[in-house]
Amino acid sequence: MPENETWDYTLYVPNDLRAVTVCRRTLRLILTLHGLIGLVDTAELLATELVSNAVRHTKGPAALRVRRTREGVVWIGAWDSDPAPPDPPRPLEQVVELEEGRGLGLVVACAEYWGWMPSARFGDRGKYVWCELVAA
C-alpha cells in the first residue's frame, strides 16, 4: 500500500461497555493491517478513553471513526448522540489517584491535537470528540 494512502473506517456500536473492547480490538487490526503498528498502543489508549466516555456519559449509540490523511495523520474520533460538549480535561496530576475523570487528560497528554465538534451528519444530532496522531 502506498505510504500516502488515505482511508476512513467507522464502526457503530450500541451503548454497551463491551463495545469499548470491540472498538479497541478493531482499531488494533486496522492500524496493524495498514502497517502502523508503532501507533497501536497509543491509539488504543486514546480510542478506549474516547469511546468509553461516549458510552458511559450518553444514552444512545456511539461510533469509533479512524482515518488516515495523505499527510500521515491518523484521526481517531468517537461519536455519541449527545450534542453537549465534553467537560474540559483536567490535568493528570490532579486526577492520577482518581478512578474516573482522567480520560481527556490522557488524550491531551498523548495526542498531537484533540478537540470536539457538533455533528448533524445524516440527521443525527451529537458530537465527535477526536484526537490526532502523526503516523510518519
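**A buried strand and its neighbours**

In this predicted model, strand β3 is covered on both of its faces, with Val73, Trp75, Gly77 and Trp79 buried on one side and Val74, Ile76, Ala78 and Asp80 buried on the other. Eight of the eight residues of β3, which spans residues 73-80, are therefore buried, so the strand is largely enclosed by the rest of the structure.

The neighbours of β3 within the sheet can be taken in turn. Strand β2, residues 62-68, pairs with β3 in the antiparallel sense over seven bridges, and in this pairing Leu64 has Ala78 of β3 as its bridge partner. The two strands form a hairpin with four residues between them, and in the turn Gly72 has a positive phi of about 95 degrees. Strand β5, residues 126-134, also runs antiparallel to β3 and is joined to it by eight bridges; here Ile76 has Cys131 as its bridge partner, while Val73 stands opposite Val134.

Strands of a sheet pair through backbone hydrogen bonds, in either a parallel or an antiparallel way. In this structure, five strands make up an open sheet with antiparallel pairing, in the order β1-β2-β3-β5-β4. Because β1 (7-13) and β4 (113-119) stand at the edges with a single partner strand each, one side of each is left without a neighbour in the sheet. Neighbouring strands of the sheet are turned against each other by 15 degrees on average, if direction is ignored. Helix α2, residues 40-56, packs on this sheet and touches β2, β3 and β5, its direction making about 15 degrees with that of β3.

A search of the whole structure finds three aromatic pairs. In one of them, the ring centres of Trp75 and Tyr128 lie 5.7 Å apart and the planes stand at 65 degrees, so the pair is edge-to-face. This pair links distant parts of the chain, since Trp75 belongs to strand β3 and Tyr128 to strand β5, 53 residues apart, and both residues are buried. Trp75 also forms a stacked pair with Trp130, at 6.4 Å centre to centre and with 20 degrees between the planes. Here too distant parts of the chain are linked, with Trp75 in β3 and Trp130 in β5, 55 residues apart; Trp130 is buried, as is Trp75.

Taken together, Trp75, Tyr128 and Trp130 form one aromatic cluster. Trp75 has a further contact to consider, for Arg67 lies over the face of its ring, at 4.2 Å from the ring centre.

Notes:
Residues numbered from 1 in each chain as written. Predicted model: local features only at pLDDT ≥ 70, side-chain atom pairs only at ≥ 80, totals over all residues. Heavy atoms only, no water. Buried < 20%, exposed > 50% of the residue type's maximum accessible area, 1.4 Å probe, protein only. Pairing = 2+ DSSP bridges. Axes fitted to C-alpha atoms, helices over the stretch in contact; angles between N-to-C directions. Contact = heavy atoms within 4.5 Å. Phe/Tyr/Trp six-rings, centres within 6.5 Å; stacked < 30°, edge-to-face > 60°. Lys NZ or Arg CZ within 6 Å of the ring centre and 35° of its normal.
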